[in-house]
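Hi everyone, thanks for coming.

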Protein chains: 2
Amino acid sequence: MPKKAVARRAFDRALSKELEALIRDAKGRAAKIEEPSELWGLESWLTKRRREIDRRYDYRYSVLPLVFAHLLRDGRLTEDDLHGLGQGKLDLIRRASAL
Amino acid sequence: MPKKAVARRAFDRALSKELEALIRDAKGRAAKIEEPSELWGLESWLTKRRREIDRRYDYRYSVLPLVFAHLLRDGRLTEDDLHGLGQGKLDLIRRASAL
């Protein structure tokens, strides 16, 4: 598989898992709401999560190794997911993920 | 009951019913979410509803008759809820609610 396709697939997979977990979490929070303040808490939590995800899932090639390093560190990706990238890129990602 | 207490009770009752209905609605929407776009749709809907409610439930005395007129028109209050306000205020509220 071309390196770009490996990168795209790893990125899309991590994002999609992140969003699935977020939807589950949001449903759980919504189901437990009893007071208006908790409703507005859900709203501001969603806004915060959306901004975090927008910031974190940045597909520009210049920052992609750092994006992968974060996802690897946080367990959102495994090294297997990155199998097929160039060796230099992999080393960079591994080093950055250990920082 | 003093007129101010009547006004306060009617206002609080309408707001509290509005928020209860909103919570039910939000829970229903959240439970049906399957796609990330629907999650962000919930977030922006909550933001919009919060702003509408902030705007509508304005307890300044200068605007309170208009606030009650809107709530009466939309069925969030009945004339019974306003029983005990001065006759002039009631007439004003009734006239404004028919506009």
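Let's start with one residue: which residues does Leu64(B) touch, not counting those up to four places away in sequence? The list is Ala7(B), Phe11(B), Asp58(B) and Tyr59(B), where contact means heavy atoms within 4.5 Å.

Before I go on, some housekeeping. This is a predicted model, in which local features need pLDDT of at least 70 and side-chain atom pairs count only at pLDDT 80 or more, while totals for chains, interfaces and linings use all residues. Residues are numbered from 1 along each chain as its sequence is written, chains are lettered from A and ligands numbered from 1 in the order in which they are written, and side-chain values use heavy atoms, with hydrogens and water left out.

Back to Leu64(B). You'll find Leu64(B) in helix α3 of chain B; helices here are DSSP runs of H or I with at least four residues, strands are runs of E with at least two, and both are numbered from the N terminus. Leu64(B) is buried, at a relative accessible area of 4%. For that word, buried is under 20% relative accessible area, exposed is over 50%, and partly exposed is in between, with a 1.4 Å probe and protein chains only. Ile33(B) is 31 residues away from Leu64(B) along the chain, and their C-alpha atoms are 38 Å apart.

Compare that with Gly75(B), which sits in the loop between α3 (64-73) and α4 (79-82) of chain B. Gly75(B) is exposed, with a relative accessible area of 57%. From Gly75(B) to Ala14(B) you count 61 residues in sequence, but 9.5 Å from C-alpha to C-alpha.

Next, Asp81(B), in helix α4 of chain B. Is Asp81(B) buried or exposed? It counts as buried, at 11% relative accessibility. Its side chain reaches the backbone nitrogen of Thr78(B) at 2.9 Å. Apart from neighbours within four places in sequence, Asp81(B) is in contact with Val6(B), Ala10(B) and Arg13(B).

Now look at Asp81(A), over in chain A. The side chains of Asp81(A) and Arg13(A) form a salt bridge at 3.3 Å, N to O; by salt bridge I mean a side-chain nitrogen of Lys or Arg within 4 Å of a carboxyl oxygen of Asp or Glu. This pair ties together distant parts of the chain, 68 residues apart: Asp81(A) is in the loop between α3 (64-73) and α4 (87-97) of chain A, and Arg13(A) is in helix α1. Asp81(A) is buried at 11%, whereas Arg13(A) is partly exposed at 39%.

Over all chains, the structure holds 26 salt bridges. One of them joins Lys48(B) and Glu52(B), with the closest N and O atoms 3.9 Å apart. Those two are four residues apart in helix α2 (residues 36-56) of chain B, so about one helical turn separates them. In chain A there's a salt-bridge network linking Glu18(A), Lys48(A), Arg49(A), Glu52(A) and Arg76(A). Arg49(A) lies in helix α2 of chain A and counts as buried at 16% relative accessibility.

Last topic: how the two chains meet. A rotation of 180° with 0.0 Å of shift along its axis puts chain A on chain B, with an RMSD of 0.0 Å; the superposition is by least squares on C-alpha atoms of residues with pLDDT of at least 70 in both. That's the relation of a two-fold axis. In chain A, the C-alpha nearest the axis belongs to Glu43(A), at 2.8 Å.

Conventions. A polar contact is a pair of N or O atoms within 3.5 Å; within protein, one must be able to donate a hydrogen and the other to accept it, and residues adjacent in sequence count only if both atoms are side-chain atoms.
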